[in-house]
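Student: I would like to go through a structure with you, one feature at a time. Please give the general idea before each case.

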Amino acid sequence: MTAVVLSVDAELAWGFHDSSEVPERRAVASETWERLLDLLDEFDVPATWAIVGHLFIRECDGEHEDHATPTDDWFDDDPGGSAASAPPWFGDGLVEAVADADAGHEIGGHTFSHVAFGDERTTRDVAIAETRASVEAADDAGFSLQSFVFPGNDVGHRDVLAAYGFTCYRGTRPALWYDDAILRSVAKTVDLTVSGTTPPLVEPTVDDHGLVNVPASMYLFGFEGWPRTVLERSWADPMLRAAKRGIDRAADEEGVFHLWLHPSDLVAERDFRRLRAVLEHVDAVREATDLAVRTMGEVAADLRPEDPVTERTPIGPR
């Protein structure tokens with residue numbers, strides 16, 4: 001399998017609700033989704049959009065009293081109401097826009113309220129509540145979820161996903177060169193960037209629950225702040241260079257280059273320029289080689305040809 005996979009963690013305010021402060025410019029910017037969709041359509045690049053389940057619903061009371069949560073105050077920031085009164089907390093047509101886009105995107109799951117499944121506070125009851133609520137909300141909106149992305153790539157409770165009909169998930173990515181770049185000197189970072197370090201290709205595998213693990217290769221916005229600014233001014237965008245090398249490697253070798261991002265990463269024009277350059281490179285390499293762009297669900301179907309859809313067997317706490 002030689003392919004590029006792009007997954008998008010789509011959250012709006014839910015990506016920040018358990019933080020001390022919601023960065024309004026990033027969380028509220030629904031127009032960023034639309035601009036991202038336009039870019040993906042322009043280059044005919046389908047993506048797996050992992051969407052927080054609350055964005056499938058049209059209104060709520062903000063309480064969710066019967067929903068098990070990792071902390072007692074988990075839903076305190078949820079204002080309730082509807083998209084008209086609280087736009088950052090509801091999809092308000094954005095999910096439908098993803099489904100209707102010309103590129104042919106996949107709609108996937110991302111829990112109901114952005115709970116980290118690997119957190120010790122996320123009990124089995126919480127995982128079941130989050131999974132069930134997201135699947136039911138998607139069902140009511142007319143969507144069937146097969147692919148799953150763990151918030152923060154914090155993997156856990158995979159058996160619950162399997163029971164609720166998911167076929168694959170984005171697994172933990174291998175360690176990358178920039179992970180501790182902020183702790184290094186700029187000179188050392190420049191040396192690593194210029195040296196041509198290439199992010200890894202990954203091999204999707206079927207795990208012990210029958211789910212296909214499609215590991216991440218690289219987070220497109222994992223190198224930001226002042227180190228990015230210094231390198232862009234003195235040399236080049238390090239993440240763009242790394243992404244291009246990963247795409248080239250996927251065209252030449254066996255494996256998957258799995259790139260991911262959030263719409264909320266796209267804050268400034270330089271962020272859109274980075275993404276456009278990546279998509280231009282994908283398009284050019286795809287035209288010149290056998291490289292394919294696949295969704296997570298398509299990758300999983302190749303490894304599960306006998307049964308690409310898992311039957312749901314909802315479960316209760318142990």
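**Charge pairs, core and cysteines**

Tutor: Arg170 is buried, at a relative accessible area of 0%. Keep in mind that this is a predicted model.

Student: Which side chain does Arg170 meet in a salt bridge?

Tutor: Side chains of opposite charge can pair when their charged atoms come close. Here the partner of Arg170 is Asp9, with 2.9 Å from N to O. Asp9 also counts as buried, at 2% relative accessibility.

Student: Where do Asp9 and Arg170 lie in the chain?

Tutor: Asp9 belongs to strand 1 (residues 2–10) and Arg170 to strand 7 (residues 168–170), so their pairing ties together parts 161 residues apart in sequence.

Student: How many salt bridges does the count come to?

Tutor: The count is 12. Another one joins Glu42 and Arg276, whose closest N and O atoms are 2.8 Å apart. This pair links distant parts of the chain, with Glu42 in helix 2 (residues 30–42) and Arg276 in helix 9 (residues 269–288), 234 residues apart.

Student: How many residues apart are Asp283 and Arg286 in helix 9?

Tutor: They are three residues apart, so about one helical turn separates them. Their side chains form a salt bridge at 2.9 Å, N to O. Asp283 is partly exposed, with a relative accessible area of 31%.

Student: Which residues are linked in a network of salt bridges?

Tutor: Arg158, Asp207 and Asp208 are linked in such a network.

Student: Turning to the nonpolar core, which residues touch the most other members?

Tutor: Trp49 and Phe56 do, within the largest nonpolar core, which has 81 residues. Beyond its neighbours within four places in sequence, Trp49 is in contact with a set of residues including Val8, Trp33, Leu37, His105, Ile107 and Pro263. There is also a second, separate core of 12 residues, with Ala50, Val202, Val214 and Met296 among them.

Student: How many disulfides does a search of the whole structure find?

Tutor: A disulfide is a covalent bond between the sulfur atoms of two cysteines. The search of the whole structure finds zero.

Student: Are Cys60 and Cys168 buried or exposed?

Tutor: Cys60 is buried, with a relative accessible area of 16%. Cys168 is buried too, at 0%.

Conventions
Residues are numbered from 1 along each chain as its sequence is written. This is a predicted model: local features need pLDDT of at least 70, side-chain atom pairs count only at pLDDT 80 or more; totals for chains, interfaces and linings use all residues. Side-chain values use heavy atoms; hydrogens and water are left out. A nonpolar core is a set of buried Ala, Val, Leu, Ile, Met, Phe, Trp, Tyr and Cys residues joined through side-chain atoms within 4.5 Å. Buried means under 20% relative accessible area, exposed over 50%, partly exposed in between (1.4 Å probe, protein chains only). Contact means heavy atoms within 4.5 Å. A disulfide is a pair of cysteine sulfur atoms within 2.5 Å. A salt bridge is a side-chain nitrogen of Lys or Arg within 4 Å of a carboxyl oxygen of Asp or Glu. Helices (H or I, at least four residues) and strands (E, at least two) are DSSP runs, numbered from the N terminus.
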